[in-house]
Amino acid sequence: MAAEVLILGGGVGGTIVANLVAKKSSGWAHVTVVDATGIHVYQPGFLYVAVGKEQPSALQRPETSLLRDDVSLVVDRAARVDTVARTVQLESGRTLPYDQLLLATGSRTVMDEVPGAKDAHDFYTMDGAVRLFEALKGFQGGTIVIGVAGIPYKCPPAPVEFVFLLDDYLRARGIREKSQIKLLSPLNRAFTIEATSKLVQPILAERGIELTGFFNVETVDSVAKTVSSLEGETMDYDLLVLVPPHRGQKVIEDSGLGDERGWVPVDKNTLKHTKFEHIWAVGDTTNIPISKSGSVAHYEASVAADAITAEVKGEAPPKHTYDGKVMCFLETGQGQATTIQFDYDHPPVSPTPARRWHWAKALFNKTYWHTVPQGRLP
Amino acid sequence: MSTVQIDKTIDVRGMACPGPLMNLIGAIRQGQVGQVFEVLSSDEGSKTDIPAWVAKAKHELVEVNQDSGYAHFIVRKAR
């Protein structure tokens, strides 16, 4: 009888693992994906929706169109995992058994954890990105402040990319001279990686984007229109864009599978749960202190798929483990971009921003649907 | 070795992004006043980043110890 491989979450990581396990297990496993909406969303595109350069409809496809025919999809929300009975209870009341369980539930944003920030804008959800673009269309000049209200958050380069794209947008509308863009960084530089910061900071200065370091957003006063930091400073704004705090999904917290923020503790190489047998996690879901990004989920997925396939076939664990590989693009505006690539043993490198990296990112965004979810890109 | 009671260890050796200081800031946000955090970092930048942020945010840098290939930073949440 085929082993039941249950995958919670139909994002990048869950979809790749589902397809690879179904393909590699040669009938030893039956794979089921449980996803709350049944719609696969390409989240890196939110950034472009927020500045009117992408349509929401271009970022969504039915999950079934990305899964192999021999993978089952259940559209429901996982409510609780029972690690003793090896079952997952769904919100509808249905219960699914598992022999191997992959947690690929990702992260959720919790703006309400920031006092006063209920009306702040963000580009970390589709709704947030659409609402932000509506606000930008009505913006006629003033101060736009972009800050970070919680760590970790998805896609560390995104706030820097956003200010560059915002600068392009305001110039195109002819209101850049009536506007100030202020980037509040959690660190004393623009970006977490020093080498990339050195490339990016002169471009920020050249475009007239003001950088304030060591400003970790703590509270917002939406009446006075001020934002205050953990470090004790306050700044005025006319339009506020925040990176919201993130945490793991409720099912992780309710099932006792994660830490105090709902991140799942896994071995940073094998991606196996540190406390429970037969459970694995990939992508934003884990507590590995590495960037929460589609890139990480992508590179982790083949490792988790091989490990799960070996388990169901009763084979020895594969030697191939996750080496911390991350590769992502960083838009620097005016049609240029750079890249950031590293792993656990090799520090990050970024080439000088150029048009070809912008086009490479645009090409990747378009070809994603035919390559990544199917596991066709190693 | 330190004799300080550690409440949480943040092992970010080999992790370049989001970076050791970002992980410490995240932990301090969630922590209680008085709690002590230990960061293990192999990133050279941490030697300047972590003490600078701890001073700016008015927390307390309790100890910095160099080990082979990485450093221990012990920080108390002061407010």
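Two strands count as paired when DSSP finds at least two bridges between them. Keep that in mind, everyone, as it comes back with the sheet.

Some housekeeping before the tour. This is a predicted model, where local features need pLDDT of at least 70, side-chain atom pairs count only at pLDDT 80 or more, and totals for chains, interfaces and linings use all residues. Residues are numbered from 1 along each chain as its sequence is written, with chains lettered from A and ligands numbered from 1 in the order in which they are written.

Let's start with the domains. Chain A splits into domain 1 (3-106 + 249-325) and domain 2 (111-245), with bounds from an automatic or database domain assignment. Their centres, taken over C-alpha atoms, are 31 Å apart. At the contact, domain 1 of chain A brings 13 residues and domain 2 of chain A brings 19; contact here means C-beta atoms, placed from the backbone, within 7 Å. On the domain 1 side, helix 2 (residues 46-49) of chain A gives the most, with three residues. Helices are DSSP runs of H or I with at least four residues, strands are runs of E with at least two, and both are numbered from the N terminus.

Now the inside. The largest nonpolar core has 129 residues, and A:Ile7, A:Val17, A:Leu102 and A:Ala304 touch the most other members. Such a core is a set of buried Ala, Val, Leu, Ile, Met, Phe, Trp, Tyr and Cys residues joined through C-beta atoms within 7 Å, and buried means 20 or more other C-beta atoms within 10 Å of a residue's own. Helix 7 (residues 294-313) of chain A is the top contributor, with ten residues. Both domains of chain A give residues to this core, so it lies between them. Leaving aside neighbours within four places in sequence, A:Ile7 has contacts including A:Val17 and A:Leu102.

And here is the sheet I promised. Three strands of chain A form an open, antiparallel sheet in the order 20-21-22. Strand 20 (326-333) and strand 22 (346-349) of chain A each have a single partner, so one side of each is left without a neighbour in the sheet. Strand 21 (residues 336-343) of chain A pairs with strand 22 of chain A over two bridges, and A:Gln341 stands opposite A:Val349. Helix 8 (residues 355-371) of chain A packs on the sheet, its direction making about 75 degrees with that of strand 21 of chain A; axes are lines fitted to C-alpha atoms, for helices over the stretch in contact, and angles run from 0 to 180 degrees between N-to-C directions.

Key:
Two residues are in contact if their C-beta atoms, placed from the backbone, lie within 7 Å. A residue is buried if 20 or more other C-beta atoms lie within 10 Å of its own, exposed if 12 or fewer, and partly exposed in between; C-beta atoms are placed from the backbone.
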